[in-house]
Amino acid sequence: MSPKPLILNLFEMNCVGHITHGLWRLPGNNRHRYTDLTYWTELARIAESGGFTAIFLADVVGAYDTYGGSAETALQEGLQIPNNDPMLVVPAMAAVTERLGFGITFSTSYEPPFAFARRMSTLDHLTRGRVGWNIVTSYLPNAARNFGLAEEIEHDHRYEIADEYLEVLYKLWEGSWEEDAVLRDAEAGIYADPAKVHRIDHVGENFSVAGPHLSEPSPQRTPTLILATASRRAPCAPGAMPSSSSPTARCSSARSRPCAPRPRRRAVIPRIRSSWSRPR
Ligand SMILES: Cc1cc2nc3c(=O)[nH]c(=O)nc-3n(C[C@H](O)[C@H](O)[C@H](O)COP(=O)(O)O)c2cc1C
């Protein structure tokens, strides 16, 4: 049996203080440079040359304001606030690397799926198929209030929404554009064959999306899927199954449809490799 390859993944966040609280106070540290593009391009180069498989960016869309009933402590100590959008630093990192993968975190609870589908397809194009999505349903009451909700959506309901969210995304990423829809026939003046680009006409409990998907097929279509959960309830990501015990990040390059029933549990690491380390 050949030895298992060692996978190194850098756990990061586009902010001054991720989980190593107070690191920004250490003399000579670089954390305050998270607002500078060169921080990210340097980091990507170092990670790739050091043999890392991927950089994974966590994210939250609200402030931690439970302690003491306000965000004062989080703000004072730089605890995941201020924090910037994880997606926007990916193209810069991709431009200075060849093999490194990028996992970004995005929540299924607040922003509808259509625009997110296009942003992920764009990233998949720009990275030449090196992007992954960490599917989260989120947990911050303040995040809910930032998106017009009175309070956080109840746990299992968040996952019901996530199921439909993924259903819409699969339809857009996998079902809207046929493989040979793009002709790029300059002589005939036909960029895409309209007969091979389909509306999805999704009408569900939470979302209505007509389509077609706005992006032409990207290298992966569906990005590598990463699932951060501590419970058995997980959205419908074929190949990404919940762990029964510890919090685990799991990955899948989902291509099989439809969503149910879920496939048997698969190993995480080979799935990451097959998507992010494919030969070019
Ligand atoms: C390892 C791990 C990492 C997570 N990272 C994020 C994150 O970056 N952003 C976020 O909004 N939620 C994150 N979550 C929260 C989950 O999306 C989820 O809302 C929370 O864990 C509660 O659901 P669960 O019972 O499925 O674990 C993370 C959860 C785990 C276990």
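Mentor: Residues are numbered from 1 along each chain as its sequence is written. Because the model is predicted, local features need pLDDT of at least 70 and side-chain atom pairs count only at pLDDT 80 or more, while totals for chains, interfaces and linings use all residues.

Trainee: Why is Gln80 called buried?

Mentor: A residue is buried if 20 or more other C-beta atoms, placed from the backbone, lie within 10 Å of its own, exposed if 12 or fewer, and partly exposed in between. Gln80 has 22 C-beta neighbours inside 10 Å, and therefore counts as buried.

Trainee: What makes Arg128 partly exposed?

Mentor: Arg128 has 13 other C-beta atoms within 10 Å, so it is partly exposed.

Trainee: What is the phi of Gln80, and what is that of Arg128?

Mentor: Phi of Gln80 is near 60°, a positive value in a residue other than glycine, and phi of Arg128, likewise positive, is near 55°. Most residues other than glycine have a negative phi.

Trainee: How do you know that the bond between Ile81 and Pro82 is cis?

Mentor: The omega of the peptide bond joining Ile81 and Pro82 is about 5°, and the bond is cis; a cis bond also joins Gly211 and Pro212, with omega about 10°.

Trainee: Which residues touch the most other members of the largest nonpolar core?

Mentor: A nonpolar core is a set of buried Ala, Val, Leu, Ile, Met, Phe, Trp, Tyr and Cys residues joined through C-beta atoms within 7 Å. Of the 41 residues in the largest one, those touching the most other members are Ile55, Val90, Met93, Phe102, Ile104 and Leu169.
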